[in-house]
Amino acid sequence: MEIKTDDYRLWYENETSTLNCLGSLRLNGMDEYDPIIQLLESAIDQEPETMILNLKGLEFLNSSGINVLSKFVIKVRQKKNVNLIVKGSKKLLWQGKSLKNLQRLMPSLELEWE
């Protein structure tokens with residue numbers, strides 16, 4: 001599973017149950033995020049014991065994208081049998097505040113910083 005454009009790349013690695021996100025997500029509204037939502041939901045449907053969301057290379061995420069991530073975390077939380085680890089970078093200012101807010105949605109979510 002992969003989505004690749006000039007601005008961003010998202011892909012899921014089955015072997016490690018890792019969702020990787022690189023680049024800048026500046027899509028306009030939820031309609032443009034539909035392919036990404038489908039990729040995220042496909043990853044959740046795999047129901048791995050532990051899923052990693054690697055955002056270390058995601059330089060920018062707009063408010064619609066943060067909304068998509070929030071809904072993703074809620075869906076993972078609803079699975080109850082899936083642990084979620086989010087990897088972020090302290091070098092990217094948007095991640096500090098936004099990723100901590102995801103932890104409020106799913107207190108068991110583990111944040112790992114680079």
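This is a predicted model: local features need pLDDT of at least 70, side-chain atom pairs count only at pLDDT 80 or more; totals for chains, interfaces and linings use all residues.
In which helix does Ser 64 lie? Ser 64 belongs to helix H2. Ser 64 has a relative accessibility of 17%, and it counts as buried because buried means under 20%. Leaving out residues up to four places away in sequence, Ser 64 touches Gly 29, Met 30 and Tyr 33.

The overall plan of the chain may be considered next. The chain contains 3 helices and 6 strands. Read from the N terminus, these elements follow the order β-β-β-α-β-α-β-α-β. The C-alpha atoms occupy a box of roughly 35 × 25 × 25 Å along the principal axes. For 114 residues, a compact globule would have a radius of gyration near 13 Å, and the 13 Å of this chain agrees with that expectation. Among contacts with a separation of 6 or more, 68% are made by residues 24 or more positions apart.

The surface and the interior can now be described. Of the 114 residues, 46% count as buried. The chain exposes about 6500 Å², of which carbon and sulfur atoms supply 45%. There are 15 positive and 16 negative side chains, and the centres of these two sets lie 9 Å apart.

In soluble globular proteins, nonpolar side chains tend to be buried together. The largest nonpolar core of this model has 34 residues, and those touching the most other members are Leu 19, Leu 25, Ile 36, Leu 53, Phe 72 and Leu 84. Two or more residues come from each of strand E2 (8-13), strand E3 (18-25), helix H1 (29-45), strand E4 (50-61), helix H2 (63-79), strand E5 (83-88) and helix H3 (93-105). Helix H1 gives the most to this core, with 6 residues.

When residues up to four places away in sequence are not counted, Leu 19 touches Trp 11, Tyr 12, Leu 39, Leu 40, Ala 43, Met 51, Ile 52, Leu 53, Asn 54 and Phe 72. The second example, Ile 36, lies in helix H1. Ile 36 has a relative accessible area of 3% and is therefore buried. Beyond its neighbours within four places in sequence, Ile 36 is in contact with Ile 3, Tyr 8, Leu 10, Leu 25 and Leu 27. The C-alpha atoms of Ile 36 and Phe 60, which are 24 residues apart along the chain, are separated by 15 Å.

Helix H1 also holds Asp 45. With a relative accessible area of 56%, Asp 45 is exposed, whereas Ile 36 is buried. Asp 45 and Leu 27 are 18 residues apart in sequence, and their C-alpha atoms are 24 Å apart in space.

Most residues other than glycine have a negative phi. Glu 47, although not a glycine, has a positive phi of about 45 degrees. Glu 47 is placed in the loop between H1 and E4, and a relative accessible area of 38% makes this residue partly exposed. Lys 80 is likewise not a glycine and has a positive phi of about 65 degrees. Lys 80 is found in the loop between H2 and E5, where it counts as exposed at 77% relative accessibility.

Conventions:
Residues are numbered from 1 along each chain as its sequence is written. Side-chain values use heavy atoms; hydrogens and water are left out. Helices (H or I, at least four residues) and strands (E, at least two) are DSSP runs, numbered from the N terminus. The radius of gyration is taken over C-alpha atoms; the globule rule is 2.2 Å times the number of residues to the power 0.38. Buried means under 20% relative accessible area, exposed over 50%, partly exposed in between (1.4 Å probe, protein chains only). Contact means heavy atoms within 4.5 Å. Accessible areas come from the Shrake-Rupley method with a 1.4 Å probe; for residues, only the protein chains shown count as cover. Lys and Arg count as positive and Asp and Glu as negative; His and the chain ends are not counted. The place of a charge is taken as NZ of Lys, CZ of Arg, CG of Asp or CD of Glu. A nonpolar core is a set of buried Ala, Val, Leu, Ile, Met, Phe, Trp, Tyr and Cys residues joined through side-chain atoms within 4.5 Å.
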